[in-house]
Amino acid sequence: MKRLLKNIEGDRAIWAIVTILAILSFLPVYSASTNLVYVANNGTTTYHLFKHAFLLFCGFFIIYAVHKVPFRYFSGGSVLALPLVIVLLIYTLSQGTTIGGANASRWIQIPVIGIGFQTSTLAALVLMVYVARYLARNKEKVIIFKESIFQLWLPVAVTLMFILPANFSTTAIIFSMVLLICFIGGYPWKYLASVVGIGVFALTLFVLTAKAFPNAMPNRVDTWISRIENFSDKNAQEGYQVEKAKIAIASGGIKGRGPGKSVQKNFLPQSSSDFIFAIVVEEFGLIGAGTLIFFYLFLLIRILIAAKKATSIFATLLVIGVGLPIIFRAMINMAVAVNLFPVTGQTLPLISSGGTSIWMTCIAIGIILSVTANKEKTDREINDENPLNVLHETIG
Amino acid sequence: MAVTKKNILNRLNFVLLFIVVFFIAIAAQLVNIQFVEGDRYRGLSEQLTIRTDTIHANKGSVFSADGSLLATSMSQYEIRMDLVTVNGDVFEKNVKGLSKELSKMFGNSASKWETKLRRGKSKKSRYLFIARNVGYTDYVKIKKFPIFNLGVYKGGFIAEQTTVRAHPLDKVAERTIGYDDYRGAPGIEGAYRSYLTGVNGVRLKQKIAKGQWKPINDNNEKEPVNGKDIVTTIDVNIQDIAHHSLLRQLEFYKAEHGCVVVMETKTGEVKAISNLGRSKAGKYYEKRNYAVYESHEPGSAFKVMAMVVALESGKIDTSTVVDTGTGRYRMHGRYISDSKRGGYGEISAARALEVSSNIAFARLIDENFGEKPEEFINPLLKMNLNNKLGLPIKGEGAPLIPSPGHEIWSKNALPSIAYGYNLKLTPLQTLTFYNAIANNGEMVKPSFVKEIRSYDKHVQKFDKVVINPKICSEKTIGKVQEILKNVVFRGTGRSLYEENFSMAGKTGTARTEYGNYQEWVKNKKYISSFTGYFPAENPKYSCIVVIHKPDKTVGYYGADVSGPVFKDIAQKIYTSNHEINLAENKVPEFESVDKNFNKYNKLSDIELKSIPNLKGMAAMDAISILENLGLKVQVEGNGKVVEQSLSEGEKLVKGSTIFIKLV
């Protein structure tokens, strides 16, 4: 254990936050698993507990492994990974899973382990690193819009194109994150506006096509529209989830009902993932919710400090690019639970039992830790020859 | 463009601000949901997820005085079968076995059952009817039948349980035991509903999924309190006799309906009550509680009341002579007749009651009280005859004894009342009065319930209720008791007379539905009754038998129609009740016999190891002792032992022979 701790590098605070959140996650996940077991008739509670433990254990292994990788490798890695991700996305879409007649192909099965894998989460991560890399590489140049279309926006557009049919909200969130990091990375305002314009235009086109040929392309357009419409309409199906979430929150009070005593977990679909925040509030009250928000804010601050302390522009943008989405996902998840935001399938990072989304978060955390670790041994690292640099340069 | 870390961080601070504001918004919304909308959602939560379940309390049972069950709740099952859930192979393999068992239990041939099951299977019936009203023991057996023994999911066994009220005595005393359901609430079940019912418990349950509820706490929020048991005064044996005896008479006389009540004299406890009415099909069943509800003209039975009042007033005595003439007497423009052709001539008042002379009573009362009818009516009222008994059982009929001025009062009212017309009493009210005569003047209220119990613990005991501690003087009681005894001995009830046990009572043969006299003459209808008590001295029980509209071609006199039921009951109680049946030991006692017996007792009690001294012992005692010791006995002569071949103290050898000489 001591040796393991010795080998741990990077920001100890981030390590601590992640560990605490991971440990705390067992409480609501174990409690909410009764919903899966007794309502959905899926496994046993012990099974879900061990599954969560296994995912987290793997997650920590991933963090450890990733943070040992010098962050510069991620730059080139993202270029290599992007085509692979696109292939995976196409494969995912091609499965043609449907929910209520609409395309809902978001998952692929990982062979051997048998765990569902949401490819869009990996795509988001790779895309963010790719954008950070682009921005860092062009930090000295004046960006020409036409040039950036090919180098930046085309890969982004292609990636998002294959996520969109099955998952609008994730597409929108990834796109927003890309815009956000572009804004932070100094991409010109006017070009950003154009890109948003093009994006909206493309979306409209997609929606209209889908509407015109409803049978030709099974899609989720109707679902999106209804979700957005239903955000204001309390009686709709989504209203059911929101109402249950509100009941959960209201019955939590300040101290909460106590661990495992949630009632609404039995009625809230996705109570162990998408709506886990409502369960946390029901069981642990405002105190629990405050604690959770505190940890996310703390994590945000550590990410910002890491960004500040980073030795290069790429490092800064990398930390921001992979770090901010974690916080945003947390925000959106909570906002959905408290009905500030339409219902979207975002998990609560490090708390939800979200299968592989945990691992993606762990990769992101690993990358941030890698950056913070790197800072401490800058001198030695700089002198090292980067074996990937050759590849890096040729592709770039 | 030149991107520096500084402007990155500046923009980052902008994002940070946005995030913090967003988190604050989330926190604000949390607080909003909890405190502003909180009550509504918390209410919704309870409404949607908390349910109160009723835990039904067990209903109490009704027992007879000796502890036999009269009414109790028990489970009944309706058996059905889901043939879709049964696997095809399993069905094929076992359908014959199941059919056979079903045929054994419910009748019909096995092949019929098999056809039924197969048809159900091919029709994909999920709710095939098998049987209803199945008791628990049979239900347990059926559960073990082939296929059914696989259970609900694989065997398609469906059993729907209901709780039903069962009367183990079936229809006997049904109206008095009563029931408490859609048919109303007659009898004891209805009257003591609040005790029997119990209080349902409450259990809070929380919804955990659609259609699934779990109890919230370990204990029930409110434990159910089971209903109390009612111990009635009914004696099953007497009830049985009363029921069947009445039934036999009703059937024999093809009467419309009738009732019988047996009451314990000292306490007023109703030992038996039977009410039988004729159904359209001509069968008799507990139709209505006639004894309690039906007030009618008592006829001659009321002469006893009239006699008591007359004796109490001092205006007449038992020896007062009255001329009944030739059995037809005109009074106030109306003829009164006696049942005996030619009349009774001049008879005493006591004899008038014995032979039940209408003329005598009409004359005695009218002539003595005609000027001041109140002097006759008021004492009747004082004896509580115009009051309801106040029974707990629903629907007691109101008595009616008109006073002067009442709308049914007329000149003829007084003489009519004297022999039991122009007034109304229920059988139970009449019996209560006779019971008071038997009880030396103390009028006690008829009671149906002895006590209320809960798990064999007393909850409430019902003591006897005295309506009137003394209805008249002891002298009068004594005189009336004597006359009632004579009614059976030599009066209208003499056909009932029995040497072995004594009874006292009064017959009653009242006309009924005589409103249209012409009609009545064409089709005479009577109410025949017998009211009395037994034994005549120190009465234990009083009893009334009323039979309405017997077929007059078979007979209609109270003594013939109702009397036998009375006698049956008296006889049965006399022969089975030890208290009444104390026979005096007429065998003379001799000292020497006792002495011998004592010696024998002593010897047979101790374990003998050697031959005892038998001299002086009676032969039967000696032989008994010796044979019990395992010896063969040879006897000569008879009387007492004078010689024994094996002398006292000799060793006992089993199987050896002993010779005794008797003189």
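Predicted model: local features only at pLDDT ≥ 70, side-chain atom pairs only at ≥ 80, totals over all residues.
Me: Which ring does the charged end of R51(B) sit over?
Reply: A charge sits over a ring if NZ of Lys or CZ of Arg is within 6 Å of the ring centre and within 35 degrees of the ring normal. Here the charged end of R51(B) is over the ring of W213(B), 4.3 Å from its centre.

Me: What pLDDT does each chain average?
Reply: pLDDT is the predictor's confidence in each residue, from 0 to 100. Chain B averages 88, and 97% of its residues score at least 70. Chain A has a mean of 82, with 82% of its residues at 70 or more. Over residues 378-385 of chain A the pLDDT is below 50. Beyond near neighbours in sequence, that stretch has four contacts (heavy atoms within 4.5 Å) in the model. For the complex, the predictor gives an ipTM of 0.86 and a pTM of 0.62.

Me: How many aromatic pairs does the structure hold?
Reply: Rings of Phe, Tyr and Trp (its six-membered ring) pair if their centres lie within 6.5 Å; planes under 30 degrees apart count as stacked, over 60 as edge-to-face and the rest as tilted. Over all chains there are 32 such pairs. Take W153(A) and Y187(A): their ring centres are 5.6 Å apart and their planes stand at 80°, so the pair is edge-to-face.

Me: Where do W153(A) and Y187(A) lie in chain A?
Reply: Helices (H or I, at least four residues) and strands (E, at least two) are DSSP runs, numbered from the N terminus. W153(A) is in helix 6 (residues 145-163) of chain A, and Y187(A) is in the loop between helix 7 (168-184) and helix 8 (189-212), so the pair ties together parts that are 34 residues apart in sequence.

Me: Is W153(A) buried or exposed?
Reply: Buried means under 20% relative accessible area, exposed over 50%, partly exposed in between (1.4 Å probe, protein chains only). W153(A) is buried, at 7% relative accessibility. Y187(A) is buried too, at 3%.

Me: Which parts of chain B does the pair of F534(B) and F566(B) link?
Reply: F534(B) and F566(B) form an edge-to-face pair, 5.6 Å centre to centre, with 85° between the planes. F534(B) is in strand 21 (residues 526-534) of chain B and F566(B) in helix 21 (residues 563-576), 32 residues apart. F534(B) is buried at 3% relative accessibility, and F566(B) is buried at 0%.

Me: What is the make-up of chain A?
Reply: Chain A has 15 helices and four strands. Of its 396 residues, 58% count as buried. F71(A), in the loop between helix 3 (45-68) and helix 4 (72-94), is buried at 4% relative accessibility. The C-alpha atoms of F71(A) and I368(A) are separated by 8.4 Å, though these residues are 297 apart along the chain.

Methods
Residues numbered from 1 in each chain as written. Chains lettered and ligands numbered in written order. Heavy atoms only, no water.
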